[in-house]
Amino acid sequence: MIPELGHFALVLALAIALVQSVVPLYGARTRDTVLMRVAEPTALAQFVLVAVSFAALVSCYVTSDFSVATVFENSHSTMPLIYKFTSVWGNHEGSMLLWVLILAVFGALVAAFGANIPATLKATVLSVQSWIAAAFYVFILATSNPFLRLSPAPFEGRDLNPILQDFGLAVHPPMLYLGYVGFSISFSFAIAALIEGRIDAAWARWVRPWTLIAWICLTLGIAMGSYWAYYTLGWGGWWYWDPVENASFMPWLAGTALLHSALVMEKREALKIWTILLSILTFSLSLMGTFLVRSGVLTSVHAFATDPMRGIFILVILVLFIGGGLALYAWRAPLLKQGGLFAPISREGALVLNNLFLTTACATVFVGTLYPLALEALTGAKISVGAPFFNATFGPLFVPLLVAVPFGPLLAWKRGDIKGVTQRLAAAFVLALVGIAAVCVVEGRPVIAAFGIGLAAFVIVGAITDIVERTGLWRAPFPTTLRRAIGLPRSAWGAAFAHIGLGVTLLGVVGETQWGAEQIVSLRQGDKVSLRHYDFTFDGTSTRNGPNYRELAVKFTVRRNGEPIGIMQPSKRTFPARGMSTTEAALMTRGFSQIYASLGEVTPDGAVAVRLYHKPLVLLIWFGCVVMAVGGALSLSDRRLRVGAPKPARSRAAIQPAE
Amino acid sequence: MTRKQRRLALISTGVGILGFAIGLILWSFSGSIRFFNSPTDLVETHIAPGTPVRLGGLVATGTLVKGADLNVRFEVTDGNRAVPVIYHGIVPDLLRDGQGVVVDGTLDPSGTFKADRVLAKHDERYMPREVADALKKQGHWVEDRSAKAGVATGAKP
């Protein structure tokens, strides 16, 4: 009964979405307020119905109702409750339902809190949003119904893929989807602006909070995915330039560019057409990510099911929205008026440079990800493009961007003073040089590492310089500084934090890639091995039974300078239901660095293959992402962006500093 | 600066960066792409020793030897030809007789494939897509192998 209720709610949501796709848009074109107002209740109703549908699926999983096909395929009655819950989206059908749930949440939020958006724009936005929703409802109902029943109902499920039986599944997919789907709002706003043929600074102010929310979630989602891969795959890698990773990274790069160009548009009314294009591209890349990952074009843990019908269906959605969006752009964009002028050396100029580098970097990732697919489709030749390609193309494009980062916030709008800014960044330059020298003296080897650390120091200190300059720290009396710091717009703090986070991530990347050490050895009980300053003693093996797996653990005592500092117990789990095994790495955190141990094979004569890694500063990689997200959140809390805040009075707007 | 000059500055910066990126892409494509080969391709097309390639097929029955100090040797076959592979390191658990496998590495002059990465899959029902296609081409495809896609143990999160 409950699965049928869920299915029925989804069908109803589709019906309502169809109404919402047409009626408010028609109302907006004919200036009919009654028709326009249809959008709000329908958006809320869609949310309620999809939520009911999702709740129905959750209840099927939690109660282990194996008469539902997806529950049978992906769940097991002995799984802990949290995994029963998270396995709702640990499969294709459920994850698509989560996708539309998030879409409906965003639609409802715009309907509920978008009170200050002009009625016609809001109605058009919600209509466009509903086109996307309708397309995905049809997709789910036609090709991926999560509520299909099995008869007779099997007695036991086939278990969730063991790699997914992890807390990461509770965080990574929902955050990533919040990011992907969040960008649908900026897409809808862009399409609405093109339909209306009118766009101004206020548009950017309405779009920015949604873009920021999406960006924060995507940042955290990618970071969580990276950390999860790091500790669960047993290879100690945090980024492989794998196509599925690139699929999430491309929208992030484009979204970051969009955040910055929307800033220019909001403050200076420039880059309007470019911002619209970026909004369309960012969501297109999100859709493409969904397609690449879910269609089975790429084989990986993310490709749950390889039903060609689904791939073709998503491809059609992709072509309709991307093609339609770009065609509308080509047709309508020339109608939009050109915006303000600026000199090449100015805040706008710096942000344009940021956009050029980010989008070009995104394009290289795009080429590297799609070229093998295109080549195979056209010539049948199978190639793989690996990390060396991405390191060689992405790296050289990102380094100048990082050098430019501290300059941006210090330059004035319209016409900047590069000499003055360089002087103000002198402290950052000096600290970066000191950092380079210090690293060279202390560590000696790879010079590139020293430059990496220097660049990271420059980015971090440069971001702090901006705050110091604005508050007049050390020049003005402390109370004045404090008052200024409190009075500083939250968005300025946000920018500083986000840039600091970028530098911190860079520190981690440099530390891990340049100074990491690894040791792959075959050990027996009593054997000793050392890695860097650490000595490991193989104390013995033990086995135990988990709820749905058997586990073999190896115990190591870790010593530093002869002093025991802890015990590490990497293990291997075997899941009989799927005949699969997973590697549970043991991690020991020392400051921001980690020691990583994972097990390979156990030979019949008792020797165990072990991978040991020393990963200096590795935690900074993800910590930096969290700092970036905090920056985003601070910026989101800025007064002028507050969703649903009353419009500031005209006079106040006039005296607002143009930061 | 006039409006025209500004636009020119903007466009030339953009074109410059784009050109730089295209240069980088072409330059790195020449060095870091690996072509996928079946053992038949590898034996018959005489790929120059030292060229990075990706080899895929099945582990030939009875050839897998796990020696001391993590030295592993086995043969990869597609039913027609077999290529001996050597590898030093930890191989995935499911590397066993008859299992689908993908290895990255180079061919040395003696015809032995030196692997620097071995990818096999966690799920025994799984067959790498490239391998499945190659086997189909060679006429050694057994339909029930393709039952279900699984999970990579290798560098495929």
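This is a predicted model: local features need pLDDT of at least 70, side-chain atom pairs count only at pLDDT 80 or more; totals for chains, interfaces and linings use all residues.
View 1. Leaving aside residues up to four places away in sequence, A:Pro146 touches A:Leu57, A:Thr70, A:Glu93, A:Gly94 and A:Leu97. A:Gly114, by contrast, is 32 residues from A:Pro146 in sequence, and their C-alpha atoms are 32 Å apart in space.

**View 2. The hairpin formed by β9 and β10 of chain A.** Strand β9 (residues 586-590) and strand β10 (residues 593-602) of chain A pair in the antiparallel sense, with five bridges between them, and A:Met588 stands opposite A:Ile595 of β10(A). Two residues separate the strands, and in this turn A:Gly591 has a positive phi of about 65 degrees.

**View 3. Helix α20 of chain A, residues 490-515.** The 26 residues of α20(A) reach 37 Å from the first C-alpha to the last, which is close to the 38 Å expected at 1.5 Å a residue. This helix is mostly covered, with 21 of its 26 residues buried.

**View 4. The fold of chain B, with three helices and seven strands.** Along the sequence, the elements of chain B follow the pattern α-β-α-β-β-β-β-β-β-α. Of the 157 residues in chain B, 38% are buried, and among contacts with a separation of 6 or more, 57% link residues 24 or more positions apart.

Definitions and conventions
Residues are numbered from 1 along each chain as its sequence is written. Chains are lettered from A and ligands numbered from 1 in the order in which they are written. Two residues are in contact if their C-beta atoms, placed from the backbone, lie within 7 Å. Two strands pair if DSSP finds at least two bridges between them. Helices (H or I, at least four residues) and strands (E, at least two) are DSSP runs, numbered from the N terminus. The expected span of a helix is 1.5 Å times one less than its number of residues. A residue is buried if 20 or more other C-beta atoms lie within 10 Å of its own, exposed if 12 or fewer, and partly exposed in between; C-beta atoms are placed from the backbone.
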